[in-house]
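Here's a quick briefing to read alongside the model. Have the 3D view open and follow along.

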Amino acid sequence: MNPRRTDLLATAAATVTVILWASAFVSIRSAGASYSPGALALGRLLSGALALGAICLIRREGRPPREAWRGIAVSSVLWFGFYMVVLNWGEQQVDAGTAALVVNIGPILIALLGARLLGDAMPPRLLAGMAVSFAGAITVGLSMSDEGGSSVLGVVLCLLAAIAYAGGVVAQKPALGSASPLQVTTFGCLVGAVVCLPFAGQLGSEAADAPLSATLNMVYLGVFPTALAFTTWAYALARTTASRMGATTYAVPALVVLMSWLFLGEVPGLLTLAGGALCLAGVAVSRSHTRRRATAPVPSPEPQPEKASDSA
């Protein structure tokens, strides 16, 4: 396939991912009022696993090859299981701004781990873009934080979520070298659901009392921000570095601000809008490519006619 076409498809897949992940924050806020952190994570993963399983059956996707299972297992436990539970729990302990601040350490950790474990390059544009985006995330977080709305436990939980997120991404990258994005996402979701099975009792009791809107939000989280978005993420990750994909997720805070404005009526202040603009600007810088200057070929010297030598 044409490299330019491949890059465009990967960019489109990454765009779908960040839009759906941004929408997840709005749905978690709604469903989290009726479901506990573990039950919400399990319900989300079960919904995602059912949707992905149906797609695999239609496409006749088999099991991933043996060499991919290590990466799938590690990323599933860290990212699909542990991350979702502690993030749901952490967002109940701290305000949204503080959660956004701490969780956005994740892309920086991805870049450091990717360089150390995967040999990812750290070009100046990527580092500059991440710095600009992180400054924007700090601005958004500070503008959305409520005084006294944070707890030490909540900050620790969000920090653990960021670490698990980074570790899951770096572990998933090698698995995509031998398994398809759909296989990695499907079996990752299944393993994550198994990890969260201890919360099955809570899910059953809470689903009986939860309003329909909360349950529909939980199903939405499983089908779109999990099944679809994690698949498009894996597709894009297989075609670029973990560091560059991690930097792309800095667009999420800006989109969350926009969606909260549109769907929840939460009008952002000027500082919040400025922070969101910084996040998007940083992503644009981090995903840009340095243009190589075309150098004119050096003409080879023309052969000179040989001089006739004088005979003695």
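Let's start with Phe230: at a relative accessible area of 3%, this residue counts as buried, because the cut-off for that is under 20%. Keep in mind that you're looking at a predicted model.

**Phe230 and its partner**
- Searching the whole structure turns up 11 aromatic pairs.
- Phe80 and Phe230 make up a tilted one, with 4.7 Å centre to centre and 40° between the planes.
- This pair ties together distant parts of the chain, 150 residues apart: Phe80 belongs to helix α3 (residues 69-93), and Phe230 to helix α10 (residues 212-237).
- Phe80 is buried too, with a relative accessible area of 0%.

- Over at Tyr235, Arg239 lies over the face of the ring, 3.7 Å from the ring centre.

**Where α2 meets α8**
- Helix α2 (residues 37-59) packs with helix α8 (residues 181-195) at an angle of about 145°, and their axes are 9 Å apart.
- Their crossing is left-handed.
- On the α2 side, the residues in contact include Leu42, Leu45, Ala49, Leu52 and Arg59, while those from α8 include Leu182, Thr185, Cys189 and Ala193.
- Sorted by class, the α2 and α8 contact has 11 nonpolar residues, five polar ones and one charged one.

Note on methods:
Residues numbered from 1 in each chain as written. Predicted model: local features only at pLDDT ≥ 70, side-chain atom pairs only at ≥ 80, totals over all residues. Heavy atoms only, no water. Axes fitted to C-alpha atoms, helices over the stretch in contact; angles between N-to-C directions. Helix = DSSP H or I, 4+ residues; strand = E, 2+ residues; numbered from the N terminus. Left-handed = near helix turned anticlockwise from the far one by under 90°. Contact = heavy atoms within 4.5 Å. Nonpolar A, V, L, I, M, F, W, Y, C, P; charged D, E, K, R; others polar. Phe/Tyr/Trp six-rings, centres within 6.5 Å; stacked < 30°, edge-to-face > 60°. Buried < 20%, exposed > 50% of the residue type's maximum accessible area, 1.4 Å probe, protein only. Lys NZ or Arg CZ within 6 Å of the ring centre and 35° of its normal.
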